[in-house]
Amino acid sequence: MSSPHDVVITGIGLVSSLGEGPDAHWQKLAQPGREPVLEAARFAPYTVHPLPEIDWNLQIAKRGDQRQMETWQRLGTYAAGLALDDAGIKGNDELCSTMDMVVAAGGGERDEAVDADILAASENRNDRDVLLNEKLTTELRPTLFLAQLSNLLAGNISIVHKVTGSSRTFMGEEGAGVAAVETAAARIRSGQSTHILVGGAFQTEHSDMLLGYELAGYLHRRPWKPVWQRQGAEGGGVVSGSGGAFLVLEQREHAASRGRKIYAELGQVVSGRARRSRGELDAGIAALLKQASPGGKLLAMSGASGAHAATIAEKAALDANPAIAARGFSTLTGHMKEAQFPFAVALAALAVDRKAAYPVFDATAEKPFEGIPASVLATAIGYHQFEGMALVNAA
């Protein structure tokens with residue numbers, strides 16, 4: 001039974017190592033035996049999935065706007081523009097000015113050259129407080145701080161694409177992405193919003209982004225393996241990727257009133273924060289699956305990161321239900337932190353819209369799915385904390 005307040009997906013903006021846009025991603029992911037795009041030399045012994053060539057001018061017309069953003073902000077602003085284009089909203093002042101926004105963001109990228117310079121200078125001086133003040137006045141531009149403000153991704157989207165309704169930013173890795181989608185969907189269901197732009201971006205080709213994972217021992221070390229096969233290998237199991245994912249969510253009646261194509265309906269979004277140190281993760285994932293799964297045969301777009309404990313627990317929960325056929329898309333895109341859950345929801349919506357399941361991404365660990373997927377589950381079990389799932393249904 002459809003309702004006027006159903007949450008529907010009318011725009012998808014995707015960027016990853018596989019390319020940009022929903023069509024490019026569908027074509028590549030629907031092709032059996034697709035090989036990932038990898039960069040193994042630049043950050044050895046770690047592998048990353050790099051960004052494709054991007055013409056930023058296509059979505060961010062002013063060079064001045066591009067210059068004052070770090071890459072992760074440019075990436076998010078670009079992916080947001082793709083989603084707005086896809087939904088037929090970009091350039092429509094009336095729709096943009098009433099559009100709300102919920103963004104999942106990290107803490108920005110550091111200027112590594114300045115960090116290295118300060119550390120080098122501190123080796124020969126004891127007046128470190130004076131040194132820091134000198135560097136603050138000579139090395140650090142005001143725009144550097146802007147580039148590291150989490151809510152500046154939303155700010156730049158407002159400036160570039162004129163989306164000027166209410167704005168919220170969540171921080172906290174995969175949990176931020178889950179909370180962003182969950183909040184956006186709840187606002188639409190309650191009637192607080194009619195149309196919302198929601199998503200996130202992560203740019204991993206930066207040493208300090210990798211450092212965050214590695215300090216806690218989460219990064220997989222060479223050689224690369226598919227996401228389900230990293231247990232027992234050297235390192236912590238995560239192979240990161242650069243990417244962005246934004247969705248345009250609308251009330252069903254709002255989308256219908258402007259005659260827009262609907263990809264899919266976004267059903268229940270559920271989240272949890274299992275206390276993993278107390279061994280609660282397995283039960284937490286099982287509880288979320290029970291809440292989100294409709295029963296019967298189900299395709300699952302899993303955002304599994306490869307992090308050993310989280311991925312083992314998720315795989316066990318999915319395998320315990322023989323009706324679920326999982327696809328670990330990080331095998332082909334890498335782990336995209338804040339963008340991971342919006343990306344999973346987008347891929348689920350594409351499968352429902354195209355009335356076809358993705359082929360297995362890893363023949364040793366995934367099973368085929370026969371028939372047309374009427375509903376697809378999207379998951380993000382945080383590599384460190386926070387768990388989320390959403391059910392995406394045929395429109």
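In which sense do E9 and strand E13 pair, and over how many bridges? I looked this up to begin with: E9 and E13 (residues 387–393) are antiparallel, with 6 bridges between them. Strands here are DSSP runs of E with at least two residues, helices are runs of H or I with at least four, and both are numbered from the N terminus. Two strands count as paired if DSSP finds at least two bridges between them.

A note to myself on the ground rules. This is a predicted model, so I keep in mind that local features need pLDDT of at least 70, that side-chain atom pairs count only at pLDDT 80 or more, and that totals for chains, interfaces and linings use all residues. Residues are numbered from 1 along each chain as its sequence is written, and side-chain values use heavy atoms, with hydrogens and water left out.

**Entry: the strands**

I stayed with E9, which covers residues 264–272. In E9, 7 of the 9 residues are buried, where buried means under 20% relative accessible area, exposed over 50% and partly exposed in between, with a 1.4 Å probe and protein chains only. Across from E13, I found Glu265 opposite Asn393 and Val269 opposite Ala390. E9 also pairs with strand E1 (residues 7–16), antiparallel again, through 2 bridges. There, Ile9 stands opposite Ala264.

Next I checked E13 itself. E13 is largely enclosed by the rest of the structure, because 7 of its 7 residues are buried. Side chains in a regular strand alternate between the two faces of the sheet. In E13, Glu387, Met389, Leu391 and Asn393 point one way, while Gly388, Ala390 and Val392 point the other way.

E12 is another antiparallel partner of E13, joined to it by 7 bridges. Ile381 is the residue opposite Glu387. The hairpin of E12 and E13 has 5 residues between the strands, and Phe386 takes a positive phi near 75° there.

**Entry: the cores**

Which residues touch the most other members of the largest nonpolar core? They are Leu266 and Tyr358, in a core of 53 residues. Helix H15 (residues 340–354) gives the most to this core, with 11 residues. Apart from it there is another core, of 31 residues, including Trp72, Ile89, Val163 and Leu197. For the record, a nonpolar core is a set of buried Ala, Val, Leu, Ile, Met, Phe, Trp, Tyr and Cys residues joined through side-chain atoms within 4.5 Å. In soluble globular proteins, nonpolar side chains tend to be buried together.

**Entry: Tyr358 and Trp26**

I then followed Tyr358. It is buried because its relative accessible area is 2%. Leaving aside neighbours within four places in sequence, its contacts (heavy atoms within 4.5 Å) include Trp26, Leu299, Met301, Arg327 and Leu347.

I also counted rings, and there are 7 aromatic pairs. Trp26 and Tyr358 form a tilted one, at 5.0 Å centre to centre and 55° between the planes. Rings of Phe, Tyr and Trp (its six-membered ring) pair if their centres lie within 6.5 Å; planes under 30 degrees apart are stacked, over 60 edge-to-face and the rest tilted. This pair links distant parts of the chain, 332 residues apart: Trp26 sits in helix H1 (residues 22–29), and Tyr358 in the loop between H15 and strand E12 (375–381). Trp26 counts as buried, with 11% relative accessibility. Elsewhere, ring pairs join Phe202, Tyr213, Tyr218 and Tyr383 into a cluster.

**Entry: Asp65**

For contrast, I looked up Asp65, in helix H2 (residues 63–67). Asp65 is buried at 19% relative accessible area. Apart from neighbours within four places in sequence, Asp65 is in contact with Ile60, Ile159 and Val160. From Asp65 to Tyr358 is 37 Å, C-alpha to C-alpha, and 293 residues in sequence.

**Entry: the whole protein**

Last, I stepped back. I counted 15 helices and 13 strands. Of the 395 residues, 56% count as buried. The C-alpha trace spans about 70 × 55 × 40 Å along its principal axes. Of the contacts with a separation of 6 or more, 78% come from residues 24 or more positions apart.
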